[in-house]
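Student: I have a structure open and would like to learn how to read it. Could you walk me through it, one feature at a time?

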Amino acid sequence: MSQREPTPTVTGLIGQNMRRIREEHGIVLADVSRAARDLGLTWDPSAISRIETGKRDLNLEEFLALPLVMTLAVNQTVTLVQLLDGLGLVTIMDSFGRGFIGQYVLAMLAEPALAARPDIAPEKVSAIVSRHLHMDKRTAQARRVDTEERSVHRELQAVADELGVHVDDVKQATRELWGKYTMSPYQEREQRLVGSGVDLSQPNKVRTLRGHITRQIMNELREYFETRNKKRKEDDDGTSS
């Protein structure tokens, strides 16, 4: 009598799909580990291997982070749908030895999203997830390359010193040029960088574009202050005449 295949676990199925996706894109365990560390997880290549072989369970936070880890690692959107591929076709076991129909697990995962936005069709939920994964991946890629973490005040002060104006003037210019939710020229630069169509997986392109955007933003600020100062001078001349 042939030995029956063991019932898969959710973790095991995720690991199989994770490994398949990784190998399809020609990357190694260390690449996935690097992406995980960039996102704040402490996964080394050994941990990735244990996840792929179903020997390491994932907590909720890790489970939710995994699509972004893989998206960043392969530089292509990877969703939970792909990581759970095949789940709806099988009966699975959880880590406590309980059996579930895969479709029931998928329904439980989908319910919160659909309950929160009953006005949105399921395909639109998928589109929202893919869009957020894409933008979060680009943000993580941009942060990989030569970005200096400094406070908003220090950023504003540096710009003010270069332009020869007061910090409060830079704050006002930032709000008027780019909207009330933009805190500094640095934030505006990174938003433009992430929103560009450039492939941010290539560090040289990130550096080049970041430098271009920085010069563009400084020119916009110079033009803003030149226009403001010209108007003030015209107002003063009109008052004195």
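Tutor: Gladly! Let's begin with one side chain. Glutamate 188 has a relative accessibility of 9%, and because buried means under 20%, it counts as buried. Keep in mind that this is a predicted model.

Student: Which residue does glutamate 188 form a salt bridge with?

Tutor: Here is the general idea: side chains of opposite charge can pair when their charged atoms come close. In this structure, glutamate 188 pairs with arginine 192, and their closest N and O atoms are 2.7 Å apart. Both belong to helix H10, which covers residues 185-195. They sit 4 residues apart, about one turn of the helix.

Student: How many salt bridges are found in the whole structure?

Tutor: The search gives 12. One of them joins aspartate 85 to arginine 20, at 4.0 Å from N to O. This pair connects distant parts of the chain, 65 residues apart. Arginine 20 is in helix H1 (residues 10-24), while aspartate 85 is in the loop between helix H5 (80-83) and strand E1 (91-93).

Student: Are these two partners buried or exposed, or something in between?

Tutor: Both are in between. Aspartate 85 has 45% relative accessibility and is partly exposed, and arginine 20, at 32%, is partly exposed too.

Student: Now for the nonpolar residues. Which members of the largest nonpolar core touch the most other members?

Tutor: To read a core, look for who touches whom. This core has 27 residues, and the ones with the most contacts to other members are Met18, Val32, Trp43, Leu66, Val69 and Met70. At least two residues come from each of H1, H2, helix H3 (45-52) and helix H4 (60-74). H4 gives the most, with 7 residues.

Student: What is leucine 66 in contact with, leaving aside its neighbours within four places in sequence?

Tutor: Its contacts are Ile14, Met18, Trp43, Leu58 and Leu83. Apart from this core lies another one of 21 residues, including Val145, Leu156, Leu163 and Leu209.

Student: Next, a helix. Which residues of H9 are buried?

Tutor: For a helix, check its length and then its sides. H9 runs over residues 167-178, and its 12 residues reach 16 Å from the first C-alpha to the last, close to the 16 Å expected. Its buried residues are Val167, Val170, Ala173, Thr174 and Trp178. They cover an arc of only 115° around the axis, so they are on the same side of H9.

Student: What is threonine 174 in contact with, beyond its neighbours within four places in sequence?

Tutor: Threonine 174, buried at 1% relative accessibility, is in contact with Leu156, Gly179, Thr182, Met183, Ser184 and Pro185.

Notes:
Residues numbered from 1 in each chain as written. Predicted model: local features only at pLDDT ≥ 70, side-chain atom pairs only at ≥ 80, totals over all residues. Heavy atoms only, no water. Expected span 1.5 Å × (residues − 1). Buried < 20%, exposed > 50% of the residue type's maximum accessible area, 1.4 Å probe, protein only. Arc of directions from axis to C-beta. Salt bridge = Lys/Arg side-chain N within 4 Å of Asp/Glu carboxyl O. Core = buried A, V, L, I, M, F, W, Y, C linked by side-chain atoms within 4.5 Å. Contact = heavy atoms within 4.5 Å.
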